Amino acid sequence: MNVTGALLSPLFEPGFFSSGPVHVALVVGGVVAVVSGIVGVFTVIRGQSFAGHALADIGSAGGSAAVLVGVSTLYGYLALNVVAAAVMELIGIRRPRGRDLATGVVLGAALGLAALFLYEDTVSTSTTGATVNVLFGSIFTLPPGTTTLIALLGAVSIVAIAVLYRPLLLSSVSYDLAAARGVPVRLVGAGYLLTLALAVSLSAITIGAILSTALLIGPAAISLRVTTRTWAAVTVASGVGVFACWGGTLVAYDSSDWTGGWGWPVSFCIVAVIFVLYFAAGLVARLAPAGPGRRRSERAEPAGAQRVDAA
Amino acid sequence: MTVRTNLVTLSGASRGTDGTGDAQKAGDEVLRAEGLSVSLGGRQVLDQVSFSLRAGGFWGLIGANGAGKTTLLRVVLGLIAPTSGRVVVTGGHRSRRNPQVGYVPQKISLEPDMPLRARDLVGLGLDGHRFGLSWPSPARATLVEEMLDAVGATPFANSRVGNLSGGEQQRVMIAHALISRPKLLLLDEPLANLDIRSAAEVVQLLARIAPEQHVAILLSAHDMNPLLPVMDGVVYLADGRAASGTTEEVVRTGTLSRLYGHRVEVVRVEGRVLVVSGSEHQAHHPGDPYPAR
Amino acid sequence: MFASFMVNAWEAATIVAAVAGVVGFFTVLRGSAFAAHALPNGAFAGAAGAVLIGANTIVGLGVFSLAGAGVIAGMGRRARSDVATALTIVLMLATGDLFLSHTSEYAPEIFSLLFGQVLGVSTSKLVPTAVLAALCILAVMVLYRPLMISSVAPEVAQARGINTRMMDLAFLVVLALVTTMAVPVVGSLLTFSLLIGPPAAARSLTSRPLVAMGLAVLCALLTVWGSIAISYETNLPVGFFVGSISAFAYTVGRGWGAWQQHRRNRLLRPTTRPAAA
């Protein structure tokens with residue numbers, strides 16, 4: 001073994017790179033992380049983190065319905081998420097508080113459905129593993145043959161964001177201004193929600209509902225703390241997502257050797273990586289504020305609305 | 001009591017000229033409202049509002065909170081359809097996406113994490129309404145640079161918009177609106193959240209920029225005093241009705257009392273104008289249609 | 001369905017609904033739907049951990065939900081509130097996954113923690129539930145005025161010397177307490193339906209706060225009683241009915257509000273103003 005190998009071997013336990021499932025997990029995880037990072041930036045700046053999280057849980061309800069019906073779970077996720085996104089858009093409240101309330105109601109109804117489906121599921125098939133699998137997912141138990149489809153749908157999401165890019169930014173700055181300038185704001189909002197539904201379906205089915213939200217919001221929040229320009233924010237978010245995904249997978253794989261026996265689940269490791277990076281980004285932001293602008297506390301008087309909806 | 005007329009326009013104002021017969025041509029009209037009425041949420045917000053603005057002028061849209069200023073601006077922008085009446089902007093019927101009209105909305109809440117520099121936000125004024133990504137070009141960069149300079153935003157051009165002060169954000173939004181060279185600029189309560197100094201600076205900026213960029217300005221405010229030095233005319237809204245013309249013509253006890261439908265007094269103190277409700281102890285003025293009780 | 005073994009279920013559900021109506025009023029007012037979802041969901045992880053080490057699930061729920069409240073409030077100081085909530089729920093659930101990964105034997109208990117097993121409320125659980133309920137209602141009554149002001153007009157609250165950050169934390173702690181008492185009964189995934197649907201419906205019917213709170217309690221009670229009754233008859237999970245009825249209540253409330261708006265607009269048709277005296 002050469003020097004590099006000797007240095008790296010403590011990190012990469014034997015067999016990591018030659019493991020088939022690991023390959024698939026890394027590729028799919030990478031794709032999902034990139035899509036989530038890009039969509040996540042817009043989710044955060046539009047204050048729609050709850051919708052992003054809700055769609056992951058709602059998708060799970062669709063997934064459990066699909067299991068019941070015997071269809072591929074991906075279609076179940078997609079179908080219910082698209083319906084939910086459409087309902088959220090139709091309810092059409094613009095103030096963040098009201099919008100989160102509407103999201104909550106849709107989520108509650110969907111989870112009620114999930115309760116029903118899972119109950120039917122356990123009754124009819126008497127396997128309770130399905131419950132945990134649908135809700136938490138695992139990157140190592142991907143349904144076979146879906147890698148290409150997921151990559152394709154991921155590409156569709158990215159193209160959608162690219163098309164919506166400018167009007168979405170403008171309407172995120174000011175809905176009225178965008179409308180006055182002729183942007184079809186409801187269409188753009190609906191298009192964005194559908195893209196979010198697609199992206200979250202992909203991530204929820206491959207990496208589970210927890211990681212779906214983690215990779216949607218975490219890398220975006222990290223990136224927005226340290227970047228100033230939109231393209232930079234999007235790029236850094238994707239990069240952080242991929243790093244967290246691969247790094248977390250690596251840690252999980254290694255952990256069974258570190259802790260002698262039971263390993264840590266991948267989800268926990270990825271989330272841990274994200275949190276470490278988030279606090280690191282916070283430190284960076286405080287020591288070196290992005291751009292030559294002054295920080296909020298130093299301004300003469302506050303501009304715009306205070307951030308009062310803390311709970 | 002006879003029925004009050006809802007339409008109070010003064011001589012010359014509806015023809016786009018002021019009473020002293022200035023050199024502006026009647027055809028140089030940039031905005032005309034004819035009998036606009038709007039009812040929203042069970043309330044008559046605007047009632048037969050008519051006025052006309054000529055090109056290059058600086059007009060204040062004055063009225064108390066709830067008088068209908070924002071609604072009027074939104075009708076002009078095409079965001080609300082009037083119940084009756086119409087708006088004509090620079091020679092054509094108003095429609096959404098009129099590139100001749102620029103807009104600075106009232107409340108923009110820009111969080112500190114919004115990934116846009118001042119420069120980027122101004123650039124969005126050029127093509128933010130089009131789909132897809134924008135490609136940087138030297139021509140675009142020059143335009144943005146010029147506009148930033150015109151509003152005095154160059155010192156903070158590369159700062160995050162969420163980190164700017166209220167006055168600075170205001171300048172950036174003005175640049176954003178002006179970069180597409182509109183003929184009419186609408187500003188909804190731009191001075192509302194600013195301290196006195198910042199407000200004066202914004203007014204000075206607008207007064208300087210309007211002739212430079214050949215743009216007419218209609219700016220809504222609930223206090224007309226910061227605008228007195230620079231206003232060419234005023235559209236005064238009360239209870240959904242409007243009176244328009246020069247400040248001297250409109251801001252008078254008789255005119256405003258007619259507009260409000262009850263007695264108000266216009267008081268001028270040290271160059272400032274105050275509009276106060278008539279008190280019971282006022283002396284009777286001969287010829288006054290609204291004698292104090 | 002009113003057999004002796006069901007009495008516990010009715011009592012527990014009634015207590016939960018009463019508290020959910022009261023606290024839910026503020027949840028809706030503050031738009032804290034995400035936190036109301038995050039805390040019960042995340043607290044579930046604590047319950048799983050408690051099951052793991054053989055401790056009382058309520059202790060696990062309590063510790064995790066209070067910790068979650070603290071983390072959300074803490075992170076919310078320098079980040080958007082919904083980002084803080086998202087990251088917190090993710091952390092709590094990932095930790096729960098860590099606990100769950102130790103064993104796969106707990107699936108039925110997981111199901112009941114998630115979706116509620118009203119029929120499984122033992123008498124011994126009733127007492128802590130009632131105590132926590134009383135605590136929640138007491139907290140809301142003590143904090144009523146500062147909480148109202150800081151929820152509706154935060155700048156005014158600050159001008160009056162009310163520490164809005166403390167109010168945010170206080171409200172989250174109350175939510176954590178509601179979580180702890182409600183999750184064993186209604187389940188973590190559906191505790192929040194009760195905190196949102198009925199109070200939102202109540203708010204559509206009236207704008208007077210105490211009336212709205214009373215209506216919220218009433219609506220929550222009806223929701224829960226109906227859900228138990230139908231669940232008993234059909235053997236389907238209670239959570240399904242709670243979620244559906246809450247959504248229905250919300251829809252009815254919004255429809256009512258829209259109908260009122262429409263009627264007000266129609267009354268305005270004659271636009272000529274009457275002559276004044």
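Here are a few friendly questions and answers about chains A and C of this predicted model.

Reader: Are α2(C) and α3(C) parallel, perpendicular or oblique to each other?

Author: Start with α2 (residues 33-53) and α3 (residues 57-75) of chain C, whose axes are 7 Å apart. The two helices pack at an angle of about 135 degrees. Angles over 145 count as roughly antiparallel and 65 to 115 as roughly perpendicular, so α2(C) is, relative to α3(C), oblique.

Reader: What is the handedness of the crossing of α2(C) and α3(C)?

Author: Look at where the helices touch: residues including C:Gly42, C:Gly46 and C:Ala50 in α2(C) meet residues including C:Gly60, C:Phe64 and C:Ile72 in α3(C). This contact has 14 nonpolar, seven polar and no charged residues. The crossing of the pair is right-handed.

Reader: Which helix of chain C gives the largest share of the side that touches chain A?

Author: In the model, 56 residues of chain C are in contact with 47 residues of chain A. Several helices of chain C each supply at least two residues to that side, among them α1 (4-30), α8 (164-186) and α11 (238-266). By class, the side has 34 nonpolar, 15 polar and seven charged residues. The largest share, 14 residues, comes from α4(C).

Reader: Over which residues of chain A is the pLDDT below 50?

Author: For chain A as a whole, the mean pLDDT is 80, and 76% of its residues reach 70 or more. One stretch falls below 50, although the model gives this stretch 55 contacts beyond near neighbours in sequence. In chain A, that stretch is residues 291-311.

Terms used. Residues numbered from 1 in each chain as written. Chains lettered and ligands numbered in written order. Predicted model: local features only at pLDDT ≥ 70, side-chain atom pairs only at ≥ 80, totals over all residues. Axes fitted to C-alpha atoms, helices over the stretch in contact; angles between N-to-C directions. Helix = DSSP H or I, 4+ residues; strand = E, 2+ residues; numbered from the N terminus. Parallel < 35°, antiparallel > 145°, perpendicular 65-115°, else oblique. Left-handed = near helix turned anticlockwise from the far one by under 90°. Contact = placed C-beta atoms within 7 Å. Nonpolar A, V, L, I, M, F, W, Y, C, P; charged D, E, K, R; others polar. pLDDT = per-residue confidence, 0-100.
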